[in-house]
Amino acid sequence: GSEGVVQSRSFPCCLACQLAAMPSTRKCASVCIFGLFAQSHAAVIGETTFTSDRLCSAAVDDRTCSPLGDSGSTLHKDHMLLTLKAATGKSVCTAEDNDPWRIGTFVECCSGMQKALGKWTGSDRSYRCRPSAAPTPTPSPGPALSQTSVTISGGQIKTNILEWNVYYQNKDTRAIAKTIAQKQKPDIIGLCELTTSMSEMATSLTSAIGKRFKAQPGRNGWQGYGTDIFYNDEKWDALEGCVSTASCSSQGGQRAANWVVLQDRASGQVLITGGTHLSYCSGGCDWLHECELGELYNHLEEMNQKYPNAPVVWMGDLNLNVGNSVVKNLFAGKIGGRGTFRVEDVAKTDRNTHTAGGSAIDHIFAEHMTVDLKQGEHGSTGQGVTGSWLSGADHFPIYSVLTFGR
């Protein structure tokens, strides 16, 4: 076919070549590989749409064509992007009104545009490349969300984040706080299944850790099982936060989403954090987990738009390991069919987090490429023995020491 840049609307945006009548076992013609736009200084994603339902992707090794199914999973998306760059020797960018995450890895917006978060079709939020000077359109009713300016003096900061499911019947805040302080001195703590007083828990953490801890703003009553956030008030100032109930058919009790925006008192750097606690389903329930995650991401994305330079770090008991398809989708920037920001595992826990054994189901995730992580400063705190409970909890704590900022 003619040269052009391919965007498939009938498949998840794969950089592809048009097969036309070409059998899937034959080589892609060099003129067709990734539909290179020769007249441009960059290979632009989203300039031309081919209507053919027969698409193929080019592999780096032999560039043989292989048909892509609806999942678009035949070829790893980072692999695909590298192939495009190698084939053209040009820079790669995303065209206007296209999603920079569409191929599964982030591709910078073309010159004069920036990524913007909004409700472009239906009610789901996703990213689009929009002209830098243009306001982000939001078709949904109500005023557009404006960005919030905060004073940043600069410099990198380091923070220690800990997550722990403390068990819903566990009311011993002193034992919980003492256990946390034995191995770590975290600045931000996320607790799942906390059903006792938030102020009492903050007081116990202050006494055990030796720093003044406060409970997140907006947690004025139990809204469901989420991840309640506590923070070192000597280091962080809470700009805003809240908790909301997930309107899903959750199992084992109502689920909630927590979110908090924290600002480092010394540098002015801002961090968006929070979390949730997904339902346990013995036979699997991707649709339910996607619903519960959707509630959390509604608020994280809103805060991400309001504080565009702030990284997102969220945590919780997901009742899923990192090999689960729902979690893999989060790493790829998807919740079901909804596009969102990518995350990466920054706890990287290599042992069980539940007393019954298995692999880790408690996690700490950070927005992709926004934080730095050093070896030996993440994972299990080393507390807890399989088959035994820890200070009244049936889970074991995990942590991550992160560096971020300018």
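**Close-up views of a predicted model**

R212, K214, D233, D237 and R265 are linked in a network of salt bridges. A salt bridge here is a side-chain nitrogen of Lys or Arg within 4 Å of a carboxyl oxygen of Asp or Glu. The model is predicted, so local features need pLDDT of at least 70 and side-chain atom pairs count only at pLDDT 80 or more, while totals for chains, interfaces and linings use all residues. Residues are numbered from 1 along each chain as its sequence is written, and side-chain values use heavy atoms, with hydrogens and water left out.

**View 1. D233 forms salt bridges with R212 and K214.**
The closest N and O atoms of D233 and R212 are 2.9 Å apart. D233 lies in the loop between β11 and β12, and R212 in the loop between α3 and β10, so this pair ties together parts that are 21 residues apart in sequence. Helices (H or I, at least four residues) and strands (E, at least two) are DSSP runs, numbered from the N terminus. For D233 and K214, the closest N and O atoms are 3.7 Å apart. This pair also links distant parts of the chain: K214 sits in strand β10, 19 residues from D233. D233 is buried, with a relative accessible area of 6%. R212 is partly exposed at 40%, and K214 is partly exposed at 37%. Buried means under 20% relative accessible area, exposed over 50%, and partly exposed in between (1.4 Å probe, protein chains only).

**View 2. E96 and R130 meet through their side chains in a salt bridge.**
The N to O distance is 3.9 Å. E96 is in the loop between β5 (91-94) and β6 (113-121), and R130 is in strand β7 (residues 124-131). The two residues are 34 residues apart, and the pair links distant parts of the chain. E96 is partly exposed, with a relative accessible area of 38%. R130 counts as buried at 16%. The salt-bridge count comes to 12.

**View 3. Helix α3 (residues 198-209) has its buried residues along one face.**
The 12 residues of α3 should span 16 Å at 1.5 Å a residue, and the end C-alpha atoms are 16 Å apart, which agrees. The expected span is 1.5 Å times one less than the number of residues. M198, M201, A202, S204, L205 and I209 are buried. Seen down the axis of α3, the buried residues fall within an arc of 165°, so they line one face of the helix. The arc is that of the directions from the helix axis to the C-beta atoms. An α-helix has 3.6 residues a turn, so residues three or four places apart point the same way. Exposed residues S199, T203 and S207 are on the face of α3 turned away from its buried side. The cover over the buried residues of α3 includes α2 (173-183), β9 (188-192), β10 (213-215) and β11 (227-232); contact means heavy atoms within 4.5 Å. G210 follows α3 and has a positive phi, near 85°.

**View 4. Strand β13 (residues 256-264) is largely enclosed by the rest of the structure.**
In β13, 9 of the 9 residues are buried. Both faces are covered. One side carries A256, N258, V260, L262 and D264; the other carries A257, W259, V261 and Q263. Strand β12 (residues 236-245) runs antiparallel to β13, joined by 9 bridges. D237 has Q263 of β13 as its bridge partner. Strand β14 (residues 270-276) also runs antiparallel to β13, joined by 7 bridges. Two strands pair if DSSP finds at least two bridges between them. W259 stands opposite G274 in β14. The hairpin of β13 and β14 has 5 residues between the strands, and G268 in this hairpin takes a positive phi near 85°.

**View 5. W222 and Y225 form an edge-to-face aromatic pair.**
The whole structure holds 7 aromatic pairs. Rings of Phe, Tyr and Trp (its six-membered ring) pair if their centres lie within 6.5 Å; planes under 30 degrees apart count as stacked, over 60 as edge-to-face and the rest as tilted. The ring centres of W222 and Y225 are 5.0 Å apart, with the planes at 80°. W222 counts as partly exposed at 40% relative accessibility, whereas Y225 counts as buried at 12%.

**View 6. F331 and F365 pair edge-to-face.**
The rings are 5.4 Å centre to centre, with 75° between the planes. F331 lies in helix α5 (residues 325-331) and F365 in strand β19 (residues 362-367), so the pair ties together parts that are 34 residues apart in sequence. Both F331 and F365 are buried. Ring pairs link Y297, W314, F331, F341 and F365 into a cluster.
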